[in-house]
Amino acid sequence: MIYADNAATTKMSRAAIDAMLPYLEESYGNPSSLYAFGQQAKEALEDARARIAAALHAEPREITFTSGGSEADNQAILSAAALGLRKGKKHIVSTAFEHHAVLHTLEKLQKQGFEVTLLDVHSTGLVTAQQVADAIREDTCLVTVMYANNEIGTIQPIREIGAVCREKGVLFHTDAVQAVGHLPIDVKADNIDLLSLSAHKFHGPKGIGALYARGGVSLEPLICGGAQERRKRAGTENIPAIMGMAAALEEACAAMDQNAAKLTALRDRLIAGLDQIPYSQLNGDHAHRLPGNVSFCFEGIEGESLLLLLDEKGICASSGSACTSGSLDPSHVLLAIGRPHEVAHGSLRLTLGEDAAEADVDAIIQATTEVVTYLRNMSPFWRDLVTGKRPHVFAN
Ligand SMILES: *Cc1c(COP(=O)(O)O)cnc(C)c1O
């Protein structure tokens, strides 16, 4: 099997598993218990918090553990909205290609009377700091723009956007779930007030993540109960997962340059190979792109069939994001960058992991070329394109 869906989730690293085991088997105490056995767990918790903070250039007290990226996104946005409401500011700026954890939270706020401006995304899959500056108003309480897109892999000018927000005195949140562990992040230099991360996107366990909130930015608890996480997130802490996350993040940061160089070479080989398929196009800018992300649209095919046939050949891929598969709507991300519906349906996302080899990339190119040709030969839609009844969208 070739696993090429690392944007959906990653394999846990050995270091992450090894970091978890002692807290599953031996040190299973509750960090809130006062006896020494519980305090061992508490020490581990605070050690992990400090290590995760260090990886982001944050302070330990600025890190709150959550159940993952979705919860961190929800809490960041709802907290900023609550702060805004107190000042009578009910306008939020975001983009049309955010993750649903952000978009659906914004929809919920719209129903409560907030106004949301979703910035248009350029066909390159990028938004600019100038667009953000132009959209900010007197009553804007939050700007939320993702660090790197989970479908097309494009990396946004976060530092510049952060600088605009700082200058205008507006809180800035970034969903950095695809970036943390893969790109160097410095919350101070990047002018970030709130940042979401999730362990299972960098070889840590599922169901654990964190929200960075700059000192002075108060969080609204989504889960009420005990006094854990300085009353920002109730519930007994998932110590094994937190230890696994800290180990995975340290490992990813230590090997970041090396991993990026390797993945970029493999990615570019894959892009060059798929580019040979007629009437196909890379989605999103090539240069400002996550090292392992390849996203293509092929004319005249249907993404779901492509995935099923690739699966038969032992290749795990995705049409867009794991969250939208099963729905017949084309990806909101591909529509946001201006892909017409019929092309957006023929999308393929391949996200490589650090253990991929050139031979895997070559096998993916060959399999995809075969499957696209096969599907096109069966498609009446493709026949219309070939006979000129319908115009092509891409050049050959
Ligand atoms: C995966 C992902 C999420 C959701 O994270 P979970 O930990 O699975 O809840 C949010 N945003 C982006 C960009 C993601 O890729």
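**Reading loops, a helix and a ligand site**

Q: Where does Glu299 lie?
A: Glu299 sits in the loop between strand 10 (293-298) and helix 9 (303-312). Keep in mind that this is a predicted model.

Q: How do I tell whether a residue is buried or exposed, and which is Glu299?
A: Look at the relative accessible area. Under 20% means buried, and over 50% means exposed. Glu299 has 2% relative accessibility, so it counts as buried.

Q: Which residues is Glu299 in contact with, leaving aside its neighbours within four places in sequence?
A: A contact means heavy atoms within 4.5 Å. With those neighbours set aside, Glu299 touches Tyr279, Val343, Arg376, Trp382, Leu385, His392, Val393 and Phe394. Look at Val393 in that list. Its backbone nitrogen lies 3.0 Å from a polar atom of the Glu299 side chain.

Q: How far apart are Glu299 and Gly346 in sequence and in space?
A: Read the two distances separately. Along the sequence, Glu299 and Gly346 are 47 residues apart. In space, their C-alpha atoms are 6.3 Å apart.

Q: What separation do the C-alpha atoms of Tyr147 and His182 have?
A: Tyr147 and His182 are 35 residues apart along the chain, and 11 Å separates their C-alpha atoms. Tyr147 is in the loop between strand 5 and helix 6. At 8% relative accessibility, Tyr147 counts as buried.

Q: Where is the place of Glu43, and is it buried or exposed?
A: Glu43 belongs to helix 2 (residues 36-56). With a relative accessible area of 60%, Glu43 is exposed. Along the chain, Glu43 and Pro31 are twelve residues apart. Their C-alpha atoms are separated by 8.0 Å.

Q: Which residues of helix 6 are buried?
A: Apply the cut-off to each residue of the helix. In helix 6 (residues 158-168), the buried ones are Ile158, Ile161, Gly162, Val164 and Cys165.

Q: Why do the buried residues of helix 6 line one face of the helix?
A: Look down the axis of helix 6. The buried residues fall within an arc of 160°, so they line one face of the helix.

Q: What covers the buried residues of helix 6?
A: The cover includes helix 5 (129-135), strand 5 (140-144) and strand 6 (171-175).

Q: Where are Glu229 and Arg230 placed?
A: Glu229 is in the loop between strand 8 (209-213) and helix 7 (239-254). Arg230 is in the loop between strand 8 and helix 7 too. Now read their accessibility. Glu229, at 7%, counts as buried. Arg230, at 60%, is exposed.

Q: Which side chain makes a polar contact with the side chain of Arg233?
A: A polar contact is a pair of N or O atoms within 3.5 Å. The Arg233 side chain makes one with the side chain of Glu71, at 2.8 Å. Arg233 lies in the loop between strand 8 and helix 7. At 17% relative accessibility, Arg233 counts as buried. Leaving aside neighbours within four places in sequence, its contacts include Thr64, Phe65, Ile223 and Gln228.

Q: Which residues come nearest to the ligand?
A: Begin with the residues around it. There are 13 of them, and Ser70, Asp175, Gln178, Ser198 and Lys201 come nearest.

Q: Which side chains have a polar atom 2.7 Å from an atom of the ligand?
A: Take them one by one. Ser70 has a polar side-chain atom 2.7 Å from a ligand oxygen. For Asp175, a side-chain N or O atom is 2.7 Å from a ligand nitrogen. For Lys201, a side-chain N or O atom is 2.7 Å from a ligand oxygen.

Q: What percentage of the ligand's accessible area does the protein cover?
A: On its own, the ligand has 380 Å² of accessible area, and the protein covers 86% of that.

Q: Which helix gives the most to the shell around the ligand, and how do the residues divide by class?
A: Helix 3 (residues 69-86) gives the most, with three residues. By class, the shell has two nonpolar, eight polar and three charged residues.

How values were computed: Residues numbered from 1 in each chain as written. Predicted model: local features only at pLDDT ≥ 70, side-chain atom pairs only at ≥ 80, totals over all residues. Heavy atoms only, no water. Buried < 20%, exposed > 50% of the residue type's maximum accessible area, 1.4 Å probe, protein only. Helix = DSSP H or I, 4+ residues; strand = E, 2+ residues; numbered from the N terminus. Arc of directions from axis to C-beta. Near = heavy atom within 4 Å. Polar contact = N/O pair within 3.5 Å; in protein donor to acceptor, adjacent residues only side chain to side chain. Areas by Shrake-Rupley, 256 points an atom, 1.4 Å probe, with all protein chains shown as cover. Nonpolar A, V, L, I, M, F, W, Y, C, P; charged D, E, K, R; others polar.
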